Amino acid sequence: MKKFIIANWKCNPTTLIKAKQLFNSIKKVSKNTKNTEVIICPPFIYLKEIKKLQKEVKLGAQNYCWEEKGAFTGEISPLMLKDLGCEYVILGHSERRKYFSENDDLINKRLKSALKSGLKPILCIDNISQIKEGLKGISKQKVIIAYEPIWAIGTGKACGYKEAKKFNLLMKKALGERHITLYGGSVNSQNALGYIADSGFQGLLIGGASLNSKEFVKIVKLFSKI
Ligand code: PGA
């Protein structure tokens, strides 16, 4: 089965030069991965420049508006993202829920709009009710789900493999055995493979370690061995 590595750069790095340096230091492995899709999710403002550095790169956005165009000051629409060559979108990330008051209704609206415009959504959740609410009225097979326990994000305290497996099984029960599920939360090159081998996920959503090119390259190389 195909595997996924998603690099969530969040609000980093602070200049275009640094963003290009970071991408240049990982672009070789991102392209040459056996059976693994490596998706880079930089801030909006770097999407186009990164695409210029490697036209085959798989890009994802970290947020987007649910409308295609119009009077929505400050927003970026799915059509604009597609025009930049963006294929994926992250939504429901706990930082968006916490700092920008996003709730399940809004996330559901975004999901519907992503699917309508042909973007592939990656829905982040930390409990089963967020799956049920977020996916209301949606063909769930089309949505990649990332389990990201809030307490594990950016804390250095990754979820244990057994506990992650338990939650993964719960998700598979709700979504179907073959549904693509990912793990995210303090992933690094030491713990990465266990979430695939022991917990049964198809991939990882990586924050902090995706900004460290050595760490990130190590993780991608590990994936090409399994
Ligand atoms: P982290 O972030 O890897 O820095 O814990 C993961 C995420 O927020 O997606």
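**Entry 1: Glu87**

I started with Glu87 and looked up its contacts: leaving aside neighbours within four places in sequence, Glu87 is in contact with Glu37, Lys58, Leu59, Leu119 and Lys120. I noted that this is a predicted model.

I then picked out Lys58 from that list. Lys58 and Glu87 are 29 residues apart in sequence, and their C-alpha atoms are 6.7 Å apart in space. Their side chains are joined by a polar contact of 3.2 Å.

Where does Glu87 sit? I found Glu87 in strand β4, which covers residues 86-91.

**Entry 2: the nonpolar cores**

Next I went looking for nonpolar cores. The largest has 54 residues, and Ile40, Met171 and Leu204 have the most contacts inside it. Apart from this core lies another, of twelve residues, including Phe4, Ile6, Cys41 and Ala146.

Not counting residues up to four places away in sequence, Met171 touches Ile125, Ile128, Ile131, Ile145, Tyr147, Gly176, Thr181 and Phe201.

A reminder to myself: in soluble globular proteins, nonpolar side chains tend to be buried together.

**Entry 3: the largest pocket**

Last, I turned to the largest pocket, which has a volume of about 380 Å³. I found 14 residues lining this pocket, with Lys10, Cys11, Gln62, Arg96 and Phe100 nearest its centre.

Which helix gives the most to the lining of the largest pocket? That is helix α4, residues 94-99, with three residues.

I also sorted the lining by kind: seven residues are nonpolar, four are polar and three are charged.

Conventions: Residues numbered from 1 in each chain as written. Predicted model: local features only at pLDDT ≥ 70, side-chain atom pairs only at ≥ 80, totals over all residues. Heavy atoms only, no water. 1 Å grid on protein atoms, 1.4 Å probe; cavity = no way out; pocket = protein on both sides within 12 Å on 5 of 7 lines; lining within 4 Å. Points joined across faces, edges and corners; volume = space filled by probe spheres on them. Helix = DSSP H or I, 4+ residues; strand = E, 2+ residues; numbered from the N terminus. Nonpolar A, V, L, I, M, F, W, Y, C, P; charged D, E, K, R; others polar. Contact = heavy atoms within 4.5 Å. Polar contact = N/O pair within 3.5 Å; in protein donor to acceptor, adjacent residues only side chain to side chain. Core = buried A, V, L, I, M, F, W, Y, C linked by side-chain atoms within 4.5 Å. Buried < 20%, exposed > 50% of the residue type's maximum accessible area, 1.4 Å probe, protein only.
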